[in-house]
Amino acid sequence: MANKPLKFSIFQLIVETETPFTVKTFSSIEEQKLETFEIGPKEDKETLSIKRVNKECFENRFIAFYFNEGSKFPYSPTVIDTTDLIEKENPRPAEDIELDDQFFVLIDVSSQRIYLSDQRRKGTFTTWLKEKIGKETHIKSIINEEEFLNKIKSVNKISLSIVPNLFNTSSQDTLSHNLARDIYSFGGEKAKLEIEYNNTRMTDIIKNKFNQVLGKKNDFQEITIIGRSDEGFESVFNLEEVISKLVIDVSAQEKTNLLDPTIVFNILIDRIKSI
């Protein structure tokens, strides 16, 4: 079996009214559940996708979620045999769904952190978790701030966007608090502040000010800089680029190239405990 690198993005998990959260926070989520996405009238529904969710608790500290899912479409009526490159009828019936998509999530109660094997699913997982536990949840970036700032050599624009939330409405920071207040006063949902420069060198003054903003990053929905990198190319720098990550090597199953969730979580937990 070949080793397969699996990259986990590390975030801070916040559950409103439960700070810090505990293992009991997730007790209402079933250990195994089959979820489907269907369309059409009740008497003639069509299942378009199936998601199998498994939950497991380790050491009364780690909560592991394994999502194994698949979709009905697209579906090809034919396949090509790799042994002889001959096209033939697809042996899988059109009504069958292969659960070939894997997504791994690990929550560490001790550090109040969450590890996602695909950071693009952060939003959908947040929505799913909120529905399951019945509480507002937030997944916030944990970034290497020094690495982020050192990548930027000159600045053309700094953009800050804010949506009122638990952090900025009660924040003592004047900038984020005033922006959140103005959103309410105008009856809006989101505010954006843009500061423009003329390809200005990243001075210590700008860096120190930006460090203050990063120190309040939970107040903002998005923090973006348009500037030039070491190579001299204009680039868009955002916090997602430098989110803290942890990479593990896992042996994929020989015939399917899928990963065994038990092995994945055991390796991940051992790595976290060794840090």
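Colleague: Which residues does Val 109 touch, not counting residues up to four places away in sequence?

Modeller: Phe 21, Thr 22, Val 23 and Arg 61. Contact means heavy atoms within 4.5 Å. This is a predicted model: local features need pLDDT of at least 70, side-chain atom pairs count only at pLDDT 80 or more, and totals for chains, interfaces and linings use all residues. Residues are numbered from 1 along each chain as its sequence is written, and side-chain values use heavy atoms, with hydrogens and water left out.

Colleague: Why is Val 109 called buried?

Modeller: Buried means under 20% relative accessible area, exposed over 50%, partly exposed in between (1.4 Å probe, protein chains only). Val 109 has 15% relative accessibility, so Val 109 counts as buried.

Colleague: How far apart are Val 109 and Val 23 in sequence and in space?

Modeller: They are 86 residues apart in sequence. In space, C-alpha to C-alpha, the distance is 6.7 Å.

Colleague: Which residues of H4 are buried?

Modeller: Ile 206, Phe 210, Val 213 and Leu 214.

Colleague: What makes them lie on the same side of H4?

Modeller: They cover an arc of only 95 degrees around the axis, so they sit on the same side of H4. The arc is that of the directions from the helix axis to the C-beta atoms. The face turned away carries the exposed residues Asp 204, Ile 205, Lys 209 and Gly 215.

Colleague: What is the length of helix H4?

Modeller: H4 has 12 residues, 204–215, and reaches 16 Å from its first C-alpha to its last. That is close to the 16 Å expected at 1.5 Å a residue. The expected span is 1.5 Å times one less than the number of residues. Helices (H or I, at least four residues) are DSSP runs, numbered from the N terminus.

Notes
Helices (H or I, at least four residues) and strands (E, at least two) are DSSP runs, numbered from the N terminus.
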